Structures are given as structure tokens and as C-alpha cells.
Amino acid sequence: MACDWDESLYLEAEPADYITVARKAKGTANWFIGGKCDENGHKSVVRLDFLDKGRKYDCTIYADAPGAHYETNPQAYTITKRTVKKGDTLKLSEAPGGGFAVSLIAR
């Protein structure tokens, strides 16, 4: 993951409830997305409209597994890989106290 960023986008947020941020790695076409929520959980819909038109990305999603919970099952997660492009949508379920991380590596 990069340390310097060309751009940061706040995709969705509700103070004290949830936040989702996308950041573009400096000097590349690679993006990284992170989401975090409170003890109530959150259904996140991430529209990839900010990606470069005509380019495909290798997408790796690190997300809460079914049954994950910050108190009773904090280490339950899944890793999913797929190919995405501008205009695609990611639908992610954040467990109570959970979150997700997504890497989008340009081809």
C-alpha cells in the first residue's frame, strides 16, 4: 500500500456511524479503499465511477465474514478477488464494529 497519495475521495460517511474513503497512490493509477463502521454495522455501496475509463483493475477485497462481530468474532474475514472497471459497484456488508479494505491495481 502506498504512503503518498495523488487524490483522496470520501465516498460515504455519517458522523459516528460509518466512513468510506478511496485514495489514489501517487504517480500511479492504483486505488485503495477503506471502510469502517460503528457497533451497528453498515451496508456499503461503493460506486467505482472514479476509476479511469477503458482500464481494468485487479480488485482484492478484504471484508468481514458472515458472523463477524467486534466482540464475539473479531477475526472473521474473507478475501475475494475479481476484475472491475469504471462504473462497477461493490456491495459490502460491514459487521458490527467492522470494516473492509479494497485494493484496485491497474492493469
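What follows is a short exchange on strands, cysteines and surface.

Colleague: What kind of model is this?
Modeller: Treat every value here as computed. The model is predicted.

Colleague: How many bridges join β1 to β2?
Modeller: β1 covers residues 5–14, and β2 covers residues 18–25. The two strands run antiparallel. Glutamate 7 has lysine 24 in β2 as its bridge partner. The number of bridges joining β1 to β2 is eight.

Colleague: Which residue takes a positive phi in the hairpin of β1 and β2?
Modeller: This hairpin has three residues between the strands. The phi in question is near 70°. The residue is alanine 16.

Colleague: What is the bridge partner of isoleucine 19 in β3?
Modeller: β3 spans residues 31–37. β2 pairs with β3 over seven bridges, in the antiparallel sense. In β3, the partner of isoleucine 19 is lysine 36.

Colleague: Which residue has a positive phi in the hairpin of β2 and β3?
Modeller: Five residues sit between the strands of this hairpin. The positive phi is near 75°. It belongs to glycine 27.

Colleague: How many disulfides does the count come to?
Modeller: A disulfide is a covalent bond between the sulfur atoms of two cysteines. The cut-off is a pair of cysteine sulfur atoms within 2.5 Å. By this rule the count is zero.

Colleague: Why is cysteine 37 in no disulfide?
Modeller: A disulfide needs two cysteine sulfur atoms within 2.5 Å. For cysteine 37, the nearest cysteine sulfur is that of cysteine 59. Cysteine 37 is in no disulfide, because that sulfur is beyond the cut-off, at 19 Å.

Colleague: Is cysteine 59 buried or exposed?
Modeller: Cysteine 59 is likewise in no disulfide. Its relative accessible area is 2%. Buried means under 20%, so cysteine 59 counts as buried.

Colleague: And cysteine 37, buried or exposed?
Modeller: The cut-off for buried is under 20% relative accessible area. Cysteine 37 has 7%, so the label is buried.

Colleague: Is cysteine 3 buried or exposed?
Modeller: Cysteine 3 lies in the segment before β1. Its relative accessible area is 69%. Exposed means over 50%, so cysteine 3 is exposed.

Colleague: How many Å apart in space are cysteine 3 and asparagine 73?
Modeller: In sequence, cysteine 3 and asparagine 73 are 70 residues apart. In space, taken C-alpha to C-alpha, the distance is 30 Å.

Colleague: Which residue in β8 stands opposite tyrosine 62?
Modeller: β5 covers residues 56–64, and β8 covers residues 99–106. Seven bridges join β5 to β8, which run antiparallel. β5 also pairs with β6 in the antiparallel sense, over nine bridges. In β6, tyrosine 62 stands opposite isoleucine 79; in β8, the residue opposite is alanine 101.

Colleague: Which residues make the nonpolar surface patch?
Modeller: The patch is about 340 Å². One member, tyrosine 77, is in strand β6 and counts as exposed at 56% relative accessibility. The residues are Tyr62, Tyr77 and Ile79.

Colleague: Which residues does serine 103 touch, leaving out those up to four places away in sequence?
Modeller: Serine 103 lies in strand β8. At 14% relative accessibility, serine 103 counts as buried. The residues touched are Trp31, Phe32, Asp58, Cys59 and Thr60.

Notes: Residues numbered from 1 in each chain as written. Predicted model: local features only at pLDDT ≥ 70, side-chain atom pairs only at ≥ 80, totals over all residues. Heavy atoms only, no water. Patch = residues over 30% accessible without salt bridge, like charges linked within 9 Å, V, L, I, M, F, W, Y side chains within 5 Å. Areas by Shrake-Rupley, 256 points an atom, 1.4 Å probe, with all protein chains shown as cover. Salt bridge = Lys/Arg side-chain N within 4 Å of Asp/Glu carboxyl O. Helix = DSSP H or I, 4+ residues; strand = E, 2+ residues; numbered from the N terminus. Buried < 20%, exposed > 50% of the residue type's maximum accessible area, 1.4 Å probe, protein only. Contact = heavy atoms within 4.5 Å. Pairing = 2+ DSSP bridges.
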